[in-house]
Amino acid sequence: MKPLIAGNWKMNGLGEAISEVQSLIAKFDGSAPDDRDVLICPPATLIGRFAAEFADEAIQIGGQDCHAKESGAHTGDISAAMLADAGAAYVIVGHSERRADHDELNADVKAKAEAVLSAGLIPIICVGETEKERKEERALEVVGTQLKESLPETADEFVIAYEPVWAIGTGLTPTLNDIAEMHRFIRSQTREDIRLLYGGSVSPTNAAEILAIDHVNGALVGGASLKADDFHSIVMAAKGA
Ligand code: PEP
């Protein structure tokens, strides 16, 4: 399976940040290797600009969230159709920061994933347990419920990102065994051809060992995706298909 290395810029990046993507592409000697997919999800304000600027490069641009409806009276929201129109190829849905900051439930995440598919884009559906849930040894149960309730009914292609909430932006990561156990479990709950990403404090230092785990088909990278050097190292740590 072709690995996917996706960068989630969150609420970071003004127009000048385009130079960071240009540096990344320069490190690839002009174009990213075609045995792996490279995706950058900048803030919505930069999607159109990045998609136009990098249309001829082997990197893709994605959104970080969308509304479940195609259009209508939803001030400040952006639909998946609008993201497609701006040049996005993927949309992250159900990130734990959206679930926590905007009270998004599994049903909302599923509706958004279905909206992304209807717009012809690929949803990256995030799941993951809190620290308390892991300590209570409920991680598999929690993620199992999230999968059951957040995944679209039918879809040719979607991506699942396992992101333990307590590992996001903290520098903490689960043990390699814990990642392997969770990815085996997620694989058992979905299809063989669905890419499963790990996310949570992936760095140039830990990327190779995490990306070598069975059923880890790529990474969702937050902080380290903002720096061309770090993101390039992570992309290159993936074993190409
Ligand atoms: C994320 O926000 O999806 C993420 C994984 O962040 P970080 O890599 O900074 O932990």
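User: Which N or O atom in a side chain is 2.7 Å from an oxygen atom of the ligand?

Analyst: This is a predicted model, and in it the side chain of Glu163 has an N or O atom that lies 2.7 Å from an oxygen atom of the ligand. The protein buries 95% of the 290 Å² that the ligand exposes when it is taken alone.

User: How many residues are around the ligand, and which come nearest?

Analyst: There are 14 residues around the ligand, and those that come nearest are Lys10, Glu163, Gly169, Ser201 and Gly222. Sorted by class, this shell holds four nonpolar, eight polar and two charged residues.

User: What should I look at when I want to describe two packed helices?

Analyst: Two packed helices are described by the angle between their axes together with the distance between those axes. Here, helix H5 (residues 106–118) and helix H7 (residues 139–150) have axes that come within 8 Å and cross at roughly 45°, so H5 and H7 are oblique to each other. The crossing in which H5 passes H7 is right-handed.

User: At what angle do H1 and H10 pack, and how far apart are their axes?

Analyst: Helix H1 (residues 18–27) packs with helix H10 (residues 228–237) at an angle of about 40°, and their axes are 9 Å apart. H1 and H10 are therefore oblique to each other, and their crossing is right-handed.

Terms used. Residues numbered from 1 in each chain as written. Predicted model: local features only at pLDDT ≥ 70, side-chain atom pairs only at ≥ 80, totals over all residues. Heavy atoms only, no water. Near = heavy atom within 4 Å. Polar contact = N/O pair within 3.5 Å; in protein donor to acceptor, adjacent residues only side chain to side chain. Areas by Shrake-Rupley, 256 points an atom, 1.4 Å probe, with all protein chains shown as cover. Nonpolar A, V, L, I, M, F, W, Y, C, P; charged D, E, K, R; others polar. Axes fitted to C-alpha atoms, helices over the stretch in contact; angles between N-to-C directions. Helix = DSSP H or I, 4+ residues; strand = E, 2+ residues; numbered from the N terminus. Parallel < 35°, antiparallel > 145°, perpendicular 65-115°, else oblique. Left-handed = near helix turned anticlockwise from the far one by under 90°.
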